[in-house]
Amino acid sequence: MISAAAVAARDAWLESEKALKNASENTLTAYFGDVTDFLAFMTLHKGEQQGLAPLSKLKVIDMRAWMAQERSKDVGARSLARKLSAVKGFFRWLSEREGFDATAVLSTRSPKFQKKLPRPLAEDAARAVIETAELQSTKGWVGARDTAVITLLYGCGLRISEALALNAEDAPLPEVMRIIGKGGKERIVPVIPAARSAVEVYIQQAPFPIEGDMPLFRGVRGGRLNARQIQGVMQQIRMQLGLPATATPHAMRHSFATHLLEAGGDLRAIQELLGHASLSTTQSYTAVDTARLMEVYNNTHPKA
């Protein structure tokens, strides 16, 4: 059993992540699980409850034992790297608060893994997804809703969480919209006419009042639409169109960025539209080959 002091520290850290870094509920849930599992392992590994004093004395060999145990459970390198990142974040916060040296934990090397490039859809496939969305429900307003959400993902490059966070007061959608993304960062996103039109069609058909601070996109029971519903719709569309498993809601955002870049869009502008902190993230995110990146670079920075 995890010590009460460790549980209290974990919960205080999660509150700090939520308040200071505006971490999403999904991120907090993942952090909770990763750190809880780590603390539980250390309790068994050491043969006693790990209060704050024992946690401050963890050694490299303890970290290796934990990572070896995770690998024995067939945890992949990518997942283990995520778990280690959460544990390091917790210990970085805890060591600062309690005043101990957390070098043994913070110096633990993350397992190497090959980053998977996102797989955008071809332009005709992306259009087919949008055109097919309304066919996945026998209720006309639900089909219109799903079409509107997916159109926002592809037409504006929104994350699904950003689209579903919109409220009724955001409609009718303007030509330019302010989006609050990860970490509370704001960005300005142009809203294409097709997206504005799709949202209006949905609002006209919705059986619920779309007004004030109520959610813009509603579930069949009237609450805020859950991302799992759109994920399920995309799964049905994949089967209908014969698309790969990588054709997810997030793939529509990938496709938005990639198609813009392929059409000659400026990489920096696309970075801002996506809300990425670094240009390197945008480069990998768009999954464009080196030749295409060099072409954009040369056109943007012609030699004298």
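**Entry 1: ground rules**

I am reading a predicted model, where local features need pLDDT of at least 70, side-chain atom pairs count only at pLDDT 80 or more, and totals for chains, interfaces and linings use all residues. Residues are numbered from 1 along each chain as its sequence is written, and side-chain values use heavy atoms, with hydrogens and water left out.

**Entry 2: the whole chain**

I began with the secondary structure and found 15 helices and 2 strands in the protein chain. Helices (H or I, at least four residues) and strands (E, at least two) are DSSP runs, numbered from the N terminus. Next I looked up burial: of the 304 residues in the protein chain, 44% are buried. Here buried means under 20% relative accessible area, exposed means over 50%, and partly exposed lies in between (1.4 Å probe, protein chains only). I also checked contacts, meaning heavy atoms within 4.5 Å. Among those between residues at least 6 apart in sequence, 62% join residues at least 24 apart.

**Entry 3: helix H1**

I turned to H1, which has 18 residues and reaches 25 Å from its first C-alpha to its last, close to the 26 Å expected at 1.5 Å a residue. The expected span is 1.5 Å times one less than the number of residues in the helix.

Which residues of H1 are buried? I noted Ala6, Ala9, Arg10, Trp13, Leu14, Ser16 and Glu17. They line one face of the helix, because seen down the axis of H1 they fall within an arc of 155 degrees. That arc is taken from the directions from the helix axis to the C-beta atoms. A reminder to myself: an α-helix has 3.6 residues a turn, so residues three or four places apart point the same way.

On the other side of H1, I found Ala4, Glu15 and Ala19 exposed. The buried residues of H1 pack against helix H2 (25-46), helix H3 (52-55) and H5. After H1 comes Asn22, with a positive phi near 55 degrees.

**Entry 4: H1 against H5**

I followed H1 (residues 4-21) to H5 (residues 77-98): their axes come within 10 Å and cross at roughly 100 degrees. That makes H1 roughly perpendicular to H5. For the wording, angles under 35 degrees count as roughly parallel, over 145 as roughly antiparallel, 65 to 115 as roughly perpendicular and the rest as oblique. The axes are lines fitted to C-alpha atoms, for helices over the stretch in contact, and the angles run from 0 to 180 degrees between N-to-C directions.

From H1, the contact uses Ala9, Arg10, Ala12, Trp13 and Ser16, and from H5 it uses Ala86, Gly89, Phe90, Trp93, Leu94 and Arg97. Sorted by class, I have 7 nonpolar, 2 polar and 2 charged residues in this contact. Ala, Val, Leu, Ile, Met, Phe, Trp, Tyr, Cys and Pro count as nonpolar, Asp, Glu, Lys and Arg as charged, and the others, Gly among them, as polar.

I then picked out Leu94, a residue of H5. Is Leu94 buried or exposed? Leu94 is buried, with a relative accessible area of 0%. Leaving out residues up to four places away in sequence, Leu94 touches Ala9, Leu52, Leu55, Gly99 and Phe100. I also looked at Leu94 and Ala6, which are 88 residues apart along the chain, and found their C-alpha atoms separated by 10.0 Å.

**Entry 5: helix H10 and its cover**

My next stop was H10 (residues 193-205), which has 13 residues. Its buried residues are Ala195, Ala198, Val199 and Tyr202. They sit on the same side of H10, because they cover an arc of only 95 degrees around the axis. Pro193 and Gln204 are exposed on the other side of H10.

What covers the buried residues of H10? The cover includes helix H8 (140-156). Ala198 is buried at a relative accessible area of 12%, and I see it in contact with Ala144, Ala148 and Thr151, neighbours within four places in sequence aside.

**Entry 6: H8 against H11**

Last, I looked at H8 with H11 (residues 227-241), which pack at an angle of about 90 degrees with their axes 11 Å apart. H8 is thus roughly perpendicular to H11. Asp146, Val149 and Ile150 in H8 meet Ile230, Val233, Met234 and Ile237 in H11. By class I have 6 nonpolar, no polar and 1 charged residues here.

Ile237 also turned up beside Thr132, which touches Ile237, Gln240 and Leu241, not counting residues up to four places away in sequence. Thr132 lies in H7 (residues 123-133) and counts as buried at 7% relative accessibility.
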